[in-house]
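Please read each point with the structure in view.

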Amino acid sequence: MQKSYYPKLNEINREWVLVDANDQILGRVASWVASVLLGKDKPEFTPGVNMGSLVVVINAERIQVTGTKLDSKIYYRHSGYPGGLSQISLRDQLKKHPERVIKLAVWGMLPHNKYGRSLMTRIRIYAGPEHPHHAQTPEQLN
């Protein structure tokens with residue numbers, strides 16, 4: 001009889017991974033980042049166990065999208081008050097807050113529960129090429 005494998009806390013090995021979003025497609029970058037956050041790139045992957053690495057995304061302002069999404073994709077938010085619906089297009093969101101575009105795309109590919117919210121704390125997104133995580137020596141993700 002085979003027993004299922006459940007990793008111990010000291011067996012989990014977390015690295016820092018650097019993702020350069022320069023001229024990359026938004027959905028592809030988001031799926032890579034979600035896969036690394038979940039730990040699916042490791043051979044000892046176990047569903048439901050936080051085995052993923054920490055991810056640093058740089059050059060978020062230089063992300064690419066295909067088709068007419070720059071004008072047709074709309075981000076909505078509501079203040080909670082009557083008439084409080086706000087909307088912003090992808091083009092304007094990339095100009096004002098490019099980090100939010102990648103953050104929302106990655107969040108859409110993770111579980112929408114407590115596990116997914118804990119995974120979102122392990123991602124750092126920066127609009128430009130500079131990041132303050134040089135001491136962790138992140139490895140470049142290809």
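1. Asp23 counts as partly exposed, with a relative accessibility of 48%; the term covers values between buried (under 20% relative accessible area) and exposed (over 50%), computed with a 1.4 Å probe on protein chains only. The model is a predicted one, in which local features need pLDDT of at least 70 and side-chain atom pairs count only at pLDDT 80 or more, while totals for chains, interfaces and linings use all residues. Residues are numbered from 1 along each chain as its sequence is written, and side-chain values use heavy atoms, with hydrogens and water left out.

2. Asp23 forms a salt bridge with Arg62, their closest N and O atoms being 3.9 Å apart. A salt bridge here is a side-chain nitrogen of Lys or Arg within 4 Å of a carboxyl oxygen of Asp or Glu. This pair links distant parts of the chain, 39 residues apart: Asp23 is in the loop between E1 and H1, and Arg62 is in the loop between E2 and helix H2 (69-72). The labels denote DSSP runs numbered from the N terminus, with helices (H or I) of at least four residues and strands (E) of at least two. Arg62 is also partly exposed, at 40% relative accessibility.

3. How many salt bridges does a search of the whole structure find? The search finds 3. In one of them, the side chains of Glu15 and Lys42 meet at 3.9 Å, N to O. Glu15 lies in the segment before E1 and Lys42 in the loop between H1 and E2, so the pair ties together parts that are 27 residues apart in sequence. Glu15 is partly exposed at 28% relative accessibility, whereas Lys42 is buried, with a relative accessible area of 10%.

4. Another salt bridge joins Arg91 to Asp71, with 2.9 Å between the closest N and O atoms. Here Arg91 belongs to helix H3 and Asp71 to helix H2, distant parts of the chain that are 20 residues apart. Arg91 is partly exposed at 34% relative accessibility; Asp71 counts as exposed at 53%.

5. Which residues of helix H4 (residues 98-107) are buried? They are Pro98, Val101, Ile102, Ala105 and Val106. Seen down the axis of H4, these residues fall within an arc of 125 degrees, so they line one face of the helix; the arc is that of the directions from the helix axis to the C-beta atoms.

6. Tyr75 stands opposite Ile88 in E4. The hairpin of E3 and E4 has 6 residues between the strands, and Gly80 takes a positive phi near 100 degrees there.

Key. Pairing = 2+ DSSP bridges.
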